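Here's a quick briefing to read with the model open beside you. Take it topic by topic and click along as you go.

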Amino acid sequence: MKTVKVPLGDRSYRILIGPDLMQQIGKQCQKLKLGTSCAIVTDDKVGPLFADTVVKSFEDAGIRTTLITIPNGEQSKNLRLVHQCYDRLAEARLERKSFVVALGGGVVGDLAGFVAATYLRGVDFVQIPTTLLSQVDSSVGGKVGVNLKAGKNLVGAFYQPKLVLCDLDSLKTLPEREFRAGLAEVIKYGIIDDARLFKQLEKEIDRLLQLDTHCLEGVIARCCQIKAKVVGEDEKESGLRAILNYGHTIGHAIEAITRYGTYLHGEAISIGQVAAGYLSQQLTDFSIPHADRARCLFEHAGLPTTIKLSKPQRTRLIQAMQLDKKVSAGEVKFVLAHQIGHATPGHRVTPDLIHAALDHVSK
Ligand SMILES: NC(=O)c1ccc[n+]([C@@H]2O[C@H](COP(=O)([O-])OP(=O)(O)OC[C@H]3O[C@@H](n4cnc5c(N)ncnc54)[C@H](O)[C@@H]3O)[C@@H](O)[C@H]2O)c1
Ligand SMILES: [Zn+2]
């Protein structure tokens, strides 16, 4: 098992990464003196796979549980379901010393985290992320929230968990497409911060795809460390944290114009990162061989690197970029790489160059 500490002063917490961990959740929460009752929020795909193990572990540790199961999928990240969770917590008489456990991917984590942040003005929160994306990304950093009709993640809070437990065995049941999508974030960490990780991925991508435990443990821990470091330096996203958005400006716009129905998030940011590589090549000292290596790695991971865009779609994509909530004063700014292992935020890019980047990723 590996442990990563997220350094946030009195809100610091640990991420535990390894096989067979779910069985230990009760004991781990007991060690942290988290209280004697909790609500486990899960979805209807993850619950049937793991809820029994988690409930038993809590009960063996003398912790009373209430299980709340929501429908799986992004549509569940809404205020109606938040409200239903509040009602269930109140019915189960969960008080200030109780805690909320998220058992599932990023959807469950974001929703349950928002419930934990707001119920009784905040109760303790624990995450058991079960997708690769949630293990390396959404469970680290404390952003929780839900969507509105007007857009994704428009209501939320910064709320840190007390513990994150990444059980590598949970990845065995994850659909392969979801796993590959998570790899797009993993590769991102290599490009923005860690040339060694990137090289390791080039060598070991097949072992990762075969879910080699040792390899997964090291890589997931490294990704969590990088995100923890960035978040530790910029918890409320005022500057540095923006480098985590490498490939996301175009990636988010691709998701928006395809109505979140064609590409998984990781697939969209794979294309976005190839486009960002091209922009980097044009505007920084990022070399063509580096950009090619990055594109090859996405391809080896089985991720898309090109997209077919009609003219009207291209126009909508550029409009969508301007609507992205990270745009300030109408100006689209990009995170660009300087070399593999180093990126910086805040680069202005002209519309002409954005068009050229879209040409570069067009089929
Ligand atoms: N808070 C943050 O900082 C942050 C960062 C990135 C993404 N997110 C959010 O995360 C969400 C996406 O997360 P996700 O990709 O984990 O999606 P998800 O939670 O929708 O999970 C994907 C699918 O896999 C299923 N699943 C999950 N674990 C499984 C397992 N072990 N075995 C079998 N099936 C399993 C789920 O039921 C779901 O159908 C988005 O809502 C996004 O906004 C948040
Ligand atoms: Zn992302």
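This is a predicted model: local features need pLDDT of at least 70, side-chain atom pairs count only at pLDDT 80 or more; totals for chains, interfaces and linings use all residues.

Residues are numbered from 1 along each chain as its sequence is written, and chains are lettered from A and ligands numbered from 1 in the order in which they are written. Helices (H or I, at least four residues) and strands (E, at least two) are DSSP runs, numbered from the N terminus.

**Domains**

- The protein splits into domain 1 (2–173) and domain 2 (177–361), with bounds that come from an automatic or database domain assignment.
- Taken over C-alpha atoms, the two domain centres are 27 Å apart.
- Where they meet, 23 residues of domain 1 are in contact with 24 residues of domain 2 (contact: C-beta atoms, placed from the backbone, within 7 Å).
- On the domain 1 side, β1, β2 and α5 each put in at least two residues, and α5 gives the largest share, 5 residues.
- That side of domain 1 has 15 nonpolar, 4 polar and 4 charged residues; here Ala, Val, Leu, Ile, Met, Phe, Trp, Tyr, Cys and Pro count as nonpolar, Asp, Glu, Lys and Arg as charged, and the others, Gly among them, as polar.

**The open sheet**

- Follow the strands in the order β1-β2-β9-β6-β5-β3-β4 and you have an open sheet of 7 strands with mixed pairing (strands pair if DSSP finds at least two bridges between them).
- β1 (2–6) and β4 (64–70) are the edge strands with a single partner each, so one side of each has no neighbour in the sheet.
- From one strand to the next, the twist averages 15°; axes are lines fitted to C-alpha atoms, for helices over the stretch in contact, and angles run from 0 to 180 degrees between N-to-C directions.
- Helix α3 (residues 79–91) packs on the sheet, where it touches β3 (37–43) and β4, with its direction at about 160° to that of β4.
- Inside the sheet, β6 (residues 124–129) and β9 (residues 163–167) run parallel and share 2 bridges, and V126 sits opposite L163 in β9.
- Helix α8 (residues 213–233) lies across β1, β2 (13–18) and β9, at about 10° to β1.

**Two hairpins**

- β7 (residues 143–148) and β8 pair antiparallel over 5 bridges, with 2 residues joining them in a hairpin.
- G145 has G156 in β8 as its bridge partner.
- β10 (residues 333–339) and β11 (residues 342–348) are also antiparallel, over 5 bridges, and L336 faces T344 in β11.
- The β10–β11 hairpin has 2 residues between its strands, and G341 in the turn has a positive phi of about 110°.

**A helix pair**

- The axes of α6 (residues 176–193) and α10 (residues 265–283) come within 7 Å and cross at roughly 40°.
- Residues in this contact include R180, L183 and I191 from α6, and H265, I269 and Q273 from α10.
- By class, the α6–α10 contact divides into 5 nonpolar, 5 polar and 4 charged residues.

**Around ligand 1**

- Ligand 1 is surrounded by 28 residues, and the closest are K45, N72, G105, G106 and S138 (a residue is near if its C-beta atom, placed from the backbone, lies within 6 Å).
- α2 (46–60), α4 (106–118), α5 (132–138) and β8 (151–158) each give two or more residues to this shell.
- The shell has 6 nonpolar, 13 polar and 9 charged residues.

Terms used
Two residues are in contact if their C-beta atoms, placed from the backbone, lie within 7 Å.
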